[in-house]
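Let me put the model up on the screen, and then we can walk around it together.

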Amino acid sequence: MRELNIAEKFLQIVHHNKKAKYIVSEELRYMGLIGSILYDLLNVEAISIEQSTITLKKKLSEVSKTHDMVLELLSEINKD
């Protein structure tokens, strides 16, 4: 079995197992998920962050399709 990435671990932490719902607000869940995806991307050196600027280093993350979609969105933002 593969190890969970940080984003997956975050979702496990904020999910109430017995009630089948999240224990934090939707807004906090989104912020935490975005932060954990960015952290995953930093760990695999797909991005770098310096002085509040995100720089793409790879086109694919090798973490998950969701992470790759975030890289694609960041790439499109950098084009503008």
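So, Arg2: its relative accessibility is 55%, and since the cut-off for exposed is over 50%, Arg2 counts as exposed. Keep in mind throughout that we're looking at a predicted model. What does Arg2 pair with? Its partner is Glu8, in a salt bridge where the closest N and O atoms sit 2.6 Å apart. Glu8 comes in at 23% relative accessibility, so we call that one partly exposed.

As a reminder, side chains of opposite charge can pair when their charged atoms come close. How many salt bridges does the structure hold? Two. The other one joins Lys9 to Glu3, and there the closest N and O atoms are 3.6 Å apart. Glu3 has a relative accessible area of 66%, so Glu3 is exposed. Lys9 is at 33%, which means partly exposed.

Let me zoom out for a second. The protein chain has three helices and four strands, and if you read from the N terminus, the order goes α-β-β-α-β-β-α. The C-alpha trace spans about 45 × 30 × 20 Å along its principal axes. Of the 80 residues in the chain, 22% are buried.

One of those buried residues is Ile37, because its relative accessible area is 8%, and buried means under 20%. You'll find Ile37 in helix H2, which covers residues 26-43. Now, how far apart in space are Ile37 and Ala7? They're 30 residues apart in sequence, yet C-alpha to C-alpha the distance is 5.5 Å.

Ile6 is partly exposed, because its relative accessibility is 31%. Ile6 also belongs to a nonpolar surface patch, together with Tyr39, Leu42 and Ile49. That patch is about 320 Å².

Where is Ala20? In the loop between strand S1 (15-16) and strand S2 (21-22). At 60% relative accessibility, Ala20 counts as exposed. Glu45 also has a positive phi, near 60°, and again that's a residue other than glycine. Glu45 is in the loop between H2 and strand S3, residues 47-50.

Last stop, the pockets. Rolling a probe the size of a water molecule over the atoms shows where empty space is left. In the largest pocket, that space comes to about 160 Å³. Which element gives the most to the lining of the largest pocket? That's helix H3, residues 65-79, with six residues. The lining includes Asp68, Leu71, Glu72, Ser75, Glu76 and Lys79. Also on the list are Leu56, Lys57, Lys58, Lys59 and Leu60. By class, you get seven charged residues, three nonpolar and one polar in that lining.

Technical notes:
Residues are numbered from 1 along each chain as its sequence is written. This is a predicted model: local features need pLDDT of at least 70, side-chain atom pairs count only at pLDDT 80 or more; totals for chains, interfaces and linings use all residues. Side-chain values use heavy atoms; hydrogens and water are left out. Patches are made of residues with over 30% relative accessible area and no salt bridge: like charges are joined within 9 Å, nonpolar side chains (Val, Leu, Ile, Met, Phe, Trp, Tyr) within 5 Å. Accessible areas come from the Shrake-Rupley method with a 1.4 Å probe; for residues, only the protein chains shown count as cover. A salt bridge is a side-chain nitrogen of Lys or Arg within 4 Å of a carboxyl oxygen of Asp or Glu. Buried means under 20% relative accessible area, exposed over 50%, partly exposed in between (1.4 Å probe, protein chains only). On a 1 Å grid over the protein atoms alone, a cavity is a set of points where a 1.4 Å probe fits but cannot get out, and a pocket is an open set with protein on both sides within 12 Å along at least five of seven lines; lining residues have an atom within 4 Å of a point. Grid points are joined across faces, edges and corners, and a volume is the space filled by probe spheres set on the points. Helices (H or I, at least four residues) and strands (E, at least two) are DSSP runs, numbered from the N terminus. Ala, Val, Leu, Ile, Met, Phe, Trp, Tyr, Cys and Pro count as nonpolar, Asp, Glu, Lys and Arg as charged, and the others, Gly among them, as polar.
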